[in-house]
Amino acid sequence: MNVITDHLSEFGHGLLLTVELTLLSLAGALVAGTAVAAMRVSPVRVLRAAGMAYVEVLQNIPLLVWLVIAVFGLPEIGVIAGLFTTSVVVIVLYQGAYTAEAIRSGINAVPSGQGEAARALGLTFTQSLRLVVLPQALRTVVQPLGNIAIMTLMNTALAAAVGVVELTAAANRVNLAEAQPIWIFVTAGLGYMALSGLLGLATGTLERKWAILR
Amino acid sequence: MVRTSARKRWAVPVAVAALSLAGLTACSDGDSGSSVPGAAGGGGKQDDLVAAAPVAANLPAGSTMEKIKKRGQLIVGGSLDAPLLSQQNPGTKKVEGLDADFGRLLAKYIIGKPEVKIVNSASETREALLSNGTVDVVFQTYSITPERAKQVAFAGPYYSSGLVIATKKDKTGITSPADLKGKTVIAGANTPAIPAIKKVAPDAKIVTFGTDPECVQALKQGRGDAYVQDEALLLATAKQDPTVKIQGKPFTSDPYGIGLKHGDTQMKQFVNDWLKQIQASGLWARTWKNSIGTVVEGDAPQPPAIGSAPGSE
């Protein structure tokens, strides 16, 4: 077990970076996803089309390909940002597409009477979405959003491929020195399990707290 | 959507597929002008090497070598994407390079024929593949270290390499390892460059990428001040790409060993004897000339003394 205790600081730094990547990506994906879902249900045809195009393009290309395009492709046209920043932006945009679809399903689950009532009261489209529809929609999709959060956590491991030293890359580096892959990667795996366990617990708590009684 | 007849809908993709196949065959026909260094004249020279290779006079009964001979094939853990060391030529499907050549020579020594099957191994899996018997030997820039020697046996070292620093051509101020202090340094993930950089410049920021081409690309795009990699690989890169420059001489010595199953002293002795034979007969130097010698000028270096690296005793 010395393999692990000798390298606690490496594992710690990796875990911290994984947590940072995950939290930033989740926050960004929630904002992006809500905006795109709103576009997809808006009465403006151009916005609906743009929202759909966004989801289709982002979802139908693997995340690793997006990361490689952003890290090695964009600098060729003069756009260069740090590896961590680039990874966060790419993961946000990618997970944003999935989040948008989950939120859209939540919006579709809100009875149409709610929207009609909001309009009857004189609320504009934005007001009715913000005050009436979205609060109910988001509450219905806590569980799918929790799944997307766990998927986001797992997907941060792909940032290892473009030079971000998060948990997977840190484990790789420790293994290079110690050549004990089983212990080292099991430890990294336990780290991911603990984090996703936390996400699962948070999801469950929120779901119970926000459940809509119909 | 406009309806097209079934025949038309099939015609286009089929034509495209046929054309691309034709293109592929055209490529492999005229493959002599390969851009892969070390591949120059590949096949023929490899066959010369194999023809000159020795065959073991007798194999001890019940030994691992005898089992390999009965099977008729040596199973090697190696890479298919390491230029100059072990890289599959897309045209001929032959694996070329120093490690690949040594694998074939060892197969001939044991079996009498250069029958090798390469199992693509990675630095995470080599120890496991050897200990569970998936592969007989590992030829994969396998640096001998005392930590690794606790899990596998190392014959050799059969080659000694070193790390060098490369920068963009117009970069100044980085000429020795000490200049890496406080800089951002690019290294290949899972290469010995990472601990080596930490040793000479503990406060350098290390950025890693999976493959050598990615590292070179990152260096050219300014994601790091320098790139530390094996000398042979960087020489090949610098030769092809004039915007990359090698700064100074190798600053480490990396003994590559032949990975064997832990505790198989009989086979270790056998492989070491084979290494001594090919070193004495000059075959070692010819193998070097055939791969790394295509980018490094001058004569083959002195091969490292067998058992000299800590962990290979």
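Visitor: Let's start with contacts along the chain. What share of the contacts in chain A with a separation of 6 or more comes from residues 24 or more positions apart?
Guide: This is a predicted model, and in it residues 24 or more positions apart account for 80% of those contacts in chain A. For one case, take Glu207(A) and Gln143(A): they are 64 residues apart along the chain, and their C-alpha atoms are separated by 6.9 Å. Setting aside residues up to four places away in sequence, Glu207(A) touches Val142(A) and Gln143(A).

Visitor: Is Thr203(A) buried or exposed?
Guide: For that you look at relative accessibility, and under 20% means buried. Thr203(A) has 8%, so it counts as buried. Glu207(A) has 32%, so that residue counts as partly exposed.

Visitor: How many helices and strands does chain A have?
Guide: Chain A comes to 10 helices and zero strands. Its C-alpha trace spans about 70 × 45 × 20 Å along the principal axes.

Visitor: What does UniProt list for chain A?
Guide: An unreviewed UniProt entry places the feature "domain: ABC transmembrane type-1" at residues 15–203 of chain A. In the model, that span is 81% helix and 0% strand. UniProt also lists "transmembrane region" (unreviewed entry) for chain A, including residues 51–71 and 182–206. Residues 51–71 are 86% helix, with end C-alpha atoms 25 Å apart. Residues 182–206 are 100% helix, and there the end C-alpha atoms are 36 Å apart.

Visitor: And what feature does UniProt place on chain B?
Guide: There the record, again an unreviewed entry, gives "domain: Solute-binding protein family 3/N-terminal" at residues 73–295 of chain B. That span is 34% helix and 28% strand, and its end C-alpha atoms lie 31 Å apart.

Visitor: Which residues does Ile258(B) contact?
Guide: Leaving aside neighbours within four places in sequence, the partners of Ile258(B) include Val137(B), Phe139(B), Phe154(B), Tyr158(B) and Trp274(B).

Visitor: Now the place where the chains meet. How much area do chain B and chain A bury between them?
Guide: The size of an interface is often given as the accessible area lost when the parts come together. Chain B and chain A bury about 1800 Å² between them, with 51% of it on carbon and sulfur atoms. In chain B, Glu124(B), Gln221(B) and Arg223(B) lose the most area to chain A, together 32% of what that side buries. The contact takes 21 residues from chain B and 24 residues from chain A.

Visitor: How many salt bridges and polar contacts are there between chain B and chain A?
Guide: The count is zero salt bridges, but eight residue pairs are in polar contact. The largest share of the side of chain B that touches chain A, four residues, comes from S10(B).

Visitor: How many salt bridges are there over all chains?
Guide: The count comes to six. In one of them, the side chains of Arg71(B) and Asp136(B) meet at 2.7 Å, N to O. Arg71(B) lies in helix H3 and Asp136(B) in the loop between helix H5 and strand S6 of chain B, so the pair ties together parts that are 65 residues apart in sequence.

Visitor: Are the two partners, Arg71(B) and Asp136(B), buried or partly exposed?
Guide: One of each! Arg71(B), at 41% relative accessibility, counts as partly exposed, whereas Asp136(B), at 11%, counts as buried.

How values were computed: Residues numbered from 1 in each chain as written. Chains lettered and ligands numbered in written order. Heavy atoms only, no water. UniProt positions renumbered as here; feature names shortened; annotations may be inferred. Helix = DSSP H or I, 4+ residues; strand = E, 2+ residues; numbered from the N terminus. Contact = heavy atoms within 4.5 Å. Buried < 20%, exposed > 50% of the residue type's maximum accessible area, 1.4 Å probe, protein only. Buried area = accessible area lost by both parts, 1.4 Å probe. Salt bridge = Lys/Arg side-chain N within 4 Å of Asp/Glu carboxyl O. Polar contact = N/O pair within 3.5 Å; in protein donor to acceptor, adjacent residues only side chain to side chain.
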